[in-house]
Amino acid sequence: MLNVIKIGGNILDNEDALSSFLSAFSQLDGKKILVHGGGKIATEIGHKLGIEPNYVNGRRVTDADTLRLVTMVYAGLINKNIVAQLQSLNCNALGLTGADGNAITAKRRFVEDVDYGFVGDVIAVNGLLLKQLLDAGITPVLVPITHDANGGLLNTNADTIAQEVAKAMSQYVDVSLIYGFEKDGVLKDANDDSSIIPVIEVNDFDRLVADGVISGGMIPKLQNACSAIRAGVKQVIIGNALQLNNIVNGEKGTVIK
């Protein structure tokens, strides 16, 4: 089983949490791929450089200055810090943007009501490249910067990258896609951390949204999960990134199947 694991800002923004997660990640048996987002670090550095964030409907607009900023922070500072920590834990990691080895190509998002700028939607994942790295004992650490095959870079949603990578790798091996965040799983009641839904059937997703059980930012995450299952990914688990071993062992988190 190949584990494709995605982490976000709740881990990246906390040095102790990141260190704890990477320690657990490095000790996982078998092949694994890590996908990380950007957290608040790009915003903080942007403030110092006079680049203020612009959000529309909760999504970051990526103009030319912001693209340079997130490339510098995501692909440089954050990614290389993660890779260096994994090397210290005897996990031979290699940081990759979508441009490296032609790992992930994307196209600039079509402009409808809002122009999100240099934001990319994934076209293809180079699964053979990732397989060759894994077979060589190397753990890919993917950053949410893709390329358009015409010399341009694009800012791409990390949840989507994780889903597309899992789908691409499922042609070679059984894949478990894990979304690590700050909660112990998908909750029936957002105000009750103990109200974890242990299993969500893909066919029940629309009903759960209509009933208001699933709402807000959890909707796109579960849409990605359902898309992955339909494309052949063995299982998707959403849970607390700091309980990684328990998630992998099937003891924690919400399983989507």
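**Exercise 1. Helices α3 and α4**

Find which residues in α3 meet which residues in α4.

*Solution.* 

Step 1. Take the α3 side: Ile41, Ala42, Ile45, Gly46 and Leu49. They meet Leu69, Val70, Met72, Val73, Tyr74, Leu77 and Ile78 in α4. Contact means heavy atoms within 4.5 Å. Helices (H or I, at least four residues) and strands (E, at least two) are DSSP runs, numbered from the N terminus.

Step 2. Sort the residues of this contact. Eleven are nonpolar, one is polar and none is charged. Here Ala, Val, Leu, Ile, Met, Phe, Trp, Tyr, Cys and Pro count as nonpolar; Asp, Glu, Lys and Arg count as charged; the others, Gly among them, count as polar.

Before going on, know your model. It is predicted, with residues numbered from 1 along each chain as its sequence is written, and side-chain values use heavy atoms, with hydrogens and water left out. Local features need pLDDT of at least 70 and side-chain atom pairs count only at pLDDT 80 or more, while totals for chains, interfaces and linings use all residues.

Step 3. Get the geometry. Two packed helices are described by the angle between their axes and the distance between the axes. Helix α3 spans residues 41-49 and helix α4 spans residues 64-88. Their axes come within 10 Å and cross at roughly 125 degrees. Axes are lines fitted to C-alpha atoms, for helices over the stretch in contact; angles run from 0 to 180 degrees between N-to-C directions.

Step 4. Name the arrangement. α3 and α4 are therefore oblique to each other. The cut-offs: under 35 degrees is roughly parallel, over 145 roughly antiparallel, 65 to 115 roughly perpendicular, and the rest oblique.

Step 5. The α3 and α4 crossing is right-handed. A crossing is right-handed if the near helix is turned clockwise from the far one by less than a right angle, and left-handed if anticlockwise.

**Exercise 2. The buried face of α3**

Which residues of α3 are buried, and where do they lie around the helix?

*Solution.* 

Step 1. List them: Ala42, Thr43 and Gly46 are the buried residues of α3. Buried means under 20% relative accessible area, exposed over 50%, and partly exposed in between (1.4 Å probe, protein chains only).

Step 2. Look down the axis. The buried residues fall within an arc of 95 degrees, so they line one face of α3. The arc is that of the directions from the helix axis to the C-beta atoms.

Step 3. Find the partners. These buried residues pack against β3 (55-56), β4 (59-60) and α4.

Step 4. Zoom in on Thr43. Its relative accessible area is 18%. Leaving aside neighbours within four places in sequence, Thr43 is in contact with Pro53, Tyr55 and Arg60.

Step 5. Step off the end. Just after α3, Gly50 takes a positive phi of about 80 degrees.

**Exercise 3. Helices α2 and α4**

Describe how α2 packs on α4.

*Solution.* 

Step 1. Helix α2 covers residues 15-26. It packs with α4 at an angle of about 50 degrees, the axes 10 Å apart. That makes α2 oblique to α4.

Step 2. α2 passes α4 in a right-handed crossing.

Step 3. Leu18, Ser19, Leu22, Phe25 and Ser26 in α2 meet Asn81, Ile82, Gln85 and Leu86 in α4. This contact holds five nonpolar residues, four polar and no charged.
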